[in-house]
Amino acid sequence: MGVADVVYYTIHFQELRSIIQWKTWHNPVHERKPENESVSLKVCFDFLDQTSRSFSAVIQELHPELLVPIALFYLILRGLDTIEDDMTIPIEKKDPLLREFHKINEKEGWSFNGNGPDEKDRELLVQFHYVTEEYRKIKPVYREIINDITQKMGGGMADYCNRAVEGKAGVETVKDYDEYCYYVAGLVGNGLTRLFVESGLANPALKERPQLQTSMGLFLQKTNIIRDVKEDWDDKRRFWPREIWSKHVDDFEDLFKPGNKEAALNCSSEMVLNSLNHADECLFYLAGLKEQSVFNFAAIPQSMAVATLALVFRNPNIFKKNVKITKGESCQTMLDSTQNLSKVCEVFRRYVRKIHNKNTPKDPNFLKISIACGKVEQFIESIFPSQNPQALQRAVQEVKPPEDPAAAKERKEAREDIIYMLIAVMGTLLVLSTIMIGIAYLIGARFDIAAKQLKEGNFRVPDSDTARKIANKYDRGEL
């Protein structure tokens, strides 16, 4: 931790607290047992750590039934993606590799060293025989699912690479954008759903809702595309569809010019809107996951995505650098996302409200963004209705239950008894006071002297000598 981090967490102490809580209190639902693994499987998990530390952590906490199949599924798709991303591989070689990659999984001892020296995950393909060795050990039903997704994804990637060679590298329409995101992420959601259901750890009804499966992948992919716009542009890649950015600037590169800041922000807002439209379906999907580790595996990336979406919304820094949520915020989000659906809904509500608060009437999509935020909140309210204590109290006061007649009569009689008792007490005191004053008057009490003394301001009781002098003063001497 550097000096900047110390200063930051001194100011943002709550984030430091979240990091400590995650490190201290987070207990995996299931723990991987390396001591029981073969050498090849240990190598596979080493590659998993190298290629994606964040995904590796949640994968290694999965239920033992799905731990290895999903780890291998990720590595196979990562290998496929490594070939697709490598611009040093000629299309004549890349096209058949992508389209036939699903067959490679079954080949014993297969490896590939044709990647460029700077490709970060090339070593995975150099030692890919470890992956294929473990792949052949998993259940046939899991192999069938992984093969099917790999074949479809490889075909979609090959089509996109061929378009790039023809000079059509950029995504033109929103439909093209959805199709690209489907091939690189939506299919992953479909494959994972089938694995979840086949293992008995998810509601079988999820298999009948392909739109929900697709939304899980598209929400993640689209959010990453928005966040990585500067990095992709530096690598000569463009994934934002022309149909969207052409409404705001003439050329895509104009988004990165300081003079077009407002237009760039409006363009990014429309991209966020496109991604946000999948949010409610992601929550709907999560409701169908029955096992805690599977729920955590699916929920954490979705929560991170909505947090990232709130960060990039109308944020000019995305056109200058790659922005990320802080480690403290990440830990708090993970803490909230590893409990239950209600807590995940709270995470979504929190960040959707941040988007809504940053929304501005100057944005051409102001109304649509407000509606999209409201749609998410409405969905959350439909499954977890909020309760306002003040409103409930008012409702109780306004709608009183009918009273029992006998109880009402009894309460009325009690009130009358109290009134009668007060009248009797006051009457008794009045009678006694009258009698005592009368007796005092008859035996010679001088009330006129007492009244005179009070008028003169003498409120204290006089001593015997003073009392005698006062009496002599008023004595008429008749006796």
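This report describes helix packing and salt bridges in a predicted model.

**Two helices in contact**

Helix α12 covers residues 210-227, and helix α17 covers residues 292-312. The two pack at an angle of about 35°, and their axes are 9 Å apart. The crossing of α12 past α17 is left-handed. On the α12 side, the contact is made by M216, F219, L220, T223, I226 and R227. On the α17 side, the contact residues are A298, P301, Q302, A305, V306, T308, L309 and V312. Sorted by class, this contact has 10 nonpolar, three polar and one charged residues.

**Helix α20**

Helix α20 runs over residues 366-383 and has 18 residues. At 1.5 Å a residue, α20 should span 26 Å, and its end C-alpha atoms are 27 Å apart, which agrees. The buried residues of α20 are I369, S370, A372, C373, V376, F379 and I380. The elements that cover these buried residues include α15 (261-276), α16 (279-286) and α19 (341-358).

**Salt bridges**

Side chains of opposite charge can pair when their charged atoms come close. The structure holds 27 salt bridges. Among them are those in the table.

| Salt bridge | Closest N to O distance |
|---|---|
| R237 with D85 | 3.5 Å |
| E377 with R349 | 3.7 Å |

R237 and D85 form a salt bridge that links distant parts of the chain, 152 residues apart. R237 is in the loop between α13 (229-234) and α14 (242-245), while D85 is in helix α5 (residues 64-85). R237 has 27% relative accessibility and so counts as partly exposed. D85, at 28% relative accessibility, also counts as partly exposed.

D228 has a relative accessible area of 15%, so D228 is buried. R227 is also one of the α12 residues in the contact with α17.

R349 counts as buried because its relative accessibility is 17%. The cut-off for buried is under 20% relative accessible area.

Some salt bridges share partners, and in this way D85, D232, D235 and R237 are joined into one network. The pair R237 and D85 in the table has both of its residues in that network.

Terms used. Residues are numbered from 1 along each chain as its sequence is written. This is a predicted model: local features need pLDDT of at least 70, side-chain atom pairs count only at pLDDT 80 or more; totals for chains, interfaces and linings use all residues. Side-chain values use heavy atoms; hydrogens and water are left out. Axes are lines fitted to C-alpha atoms, for helices over the stretch in contact, and angles run from 0 to 180 degrees between N-to-C directions. Helices (H or I, at least four residues) and strands (E, at least two) are DSSP runs, numbered from the N terminus. A crossing is left-handed if the near helix is turned anticlockwise from the far one by less than a right angle, and right-handed if clockwise. Contact means heavy atoms within 4.5 Å. Ala, Val, Leu, Ile, Met, Phe, Trp, Tyr, Cys and Pro count as nonpolar, Asp, Glu, Lys and Arg as charged, and the others, Gly among them, as polar. The expected span of a helix is 1.5 Å times one less than its number of residues. Buried means under 20% relative accessible area, exposed over 50%, partly exposed in between (1.4 Å probe, protein chains only). A salt bridge is a side-chain nitrogen of Lys or Arg within 4 Å of a carboxyl oxygen of Asp or Glu.
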